[in-house]
Amino acid sequence: DMEKGEGLALRKRYGIVGFPTFFILNEKGEVLHKFIGYYSAEDMIKEGMKYNDNRNSSVALARRYAEGDRGKEFMFEYFMFLYKSLDTQRLQVGDELCALLSDEEKILEKYWMFFSYPEFASYGSVNATYLLNNYDRFCASLGKEVVEKRVLDLFLPPLRAVLESNSSPVNITLEKLLKMEMEIKGLPDDIKGNIQLYIDLV
């Protein structure tokens, strides 16, 4: 039980942040490989066998990164491992990976999570700004419906929060509203009009 007794000490020692987490240890208690989440029996055996892989075990991935490997495919593999492991280092590695991508690569479905997940592309972030500035290219690559929904999700929640707040007013300045108006100028009229309506109401 990781919530009490000896489990708390083990949780701290091995940096467990989510359940279930699986560890393969050597006789000294050192981690050879770890992975997190629910797996079928077949996939668990396949993942567990990575402990003996000197390039793709969790320990090997961390070592390659520490030694300076910044190849795009490796960085994506390492990032996905960190992401599935709920490791806070995923943000740093994700930012580094994005910086390596070409404009042609950034609009691919493979990397869409960097522009669609709030933790990587919150309003005002570098990735969110890139998405807005390349709206048409993302639409051509991924489809208008998917990209439009993401753009609306960038703007509408904070504006709705202001309109729906009662006793606890949400802080949004006139300067921020004007900034939003500037940012949506290059968007198609339908999506721009939707966002502008909320800005005007606020």
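View 1. Arg90 is buried, with a relative accessible area of 16%, where buried means under 20% relative accessible area, exposed means over 50% and partly exposed lies in between (1.4 Å probe, protein chains only). This is a predicted model, in which local features need pLDDT of at least 70 and side-chain atom pairs count only at pLDDT 80 or more, while totals for chains, interfaces and linings use all residues. Residues are numbered from 1 along each chain as its sequence is written, and side-chain values use heavy atoms, with hydrogens and water left out. The side chains of Arg90 and Glu119 meet in a salt bridge (3.0 Å, N to O), a term that stands for a side-chain nitrogen of Lys or Arg within 4 Å of a carboxyl oxygen of Asp or Glu. The pair links distant parts of the chain, 29 residues apart, since Arg90 is in helix H5 (residues 90-100) and Glu119 is in the loop between helix H7 (113-116) and helix H8 (126-133); helices (H or I, at least four residues) are DSSP runs, numbered from the N terminus. Glu119 counts as partly exposed, at 35% relative accessibility.

**View 2. The salt bridge between Lys72 and Glu105.** The closest N and O atoms of Lys72 and Glu105 are 2.9 Å apart in this salt bridge. Lys72 lies in helix H4 (residues 72-84) and Glu105 in helix H6 (residues 103-106), so the pair ties together parts that are 33 residues apart in sequence. Lys72 counts as partly exposed, with 32% relative accessibility.

**View 3. The salt bridge between Asp69 and Arg64.** Among the eleven salt bridges that the structure holds, the one between Asp69 and Arg64 has its closest N and O atoms 3.1 Å apart. Arg64 is buried, with a relative accessible area of 9%, whereas Asp69 counts as partly exposed at 25% relative accessibility.

View 4. Leaving aside its neighbours within four places in sequence, Val151 is in contact (heavy atoms within 4.5 Å) with Leu131, Leu132, Tyr135, Leu187, Ile191 and Ile195.

Note on methods:
Helices (H or I, at least four residues) and strands (E, at least two) are DSSP runs, numbered from the N terminus.
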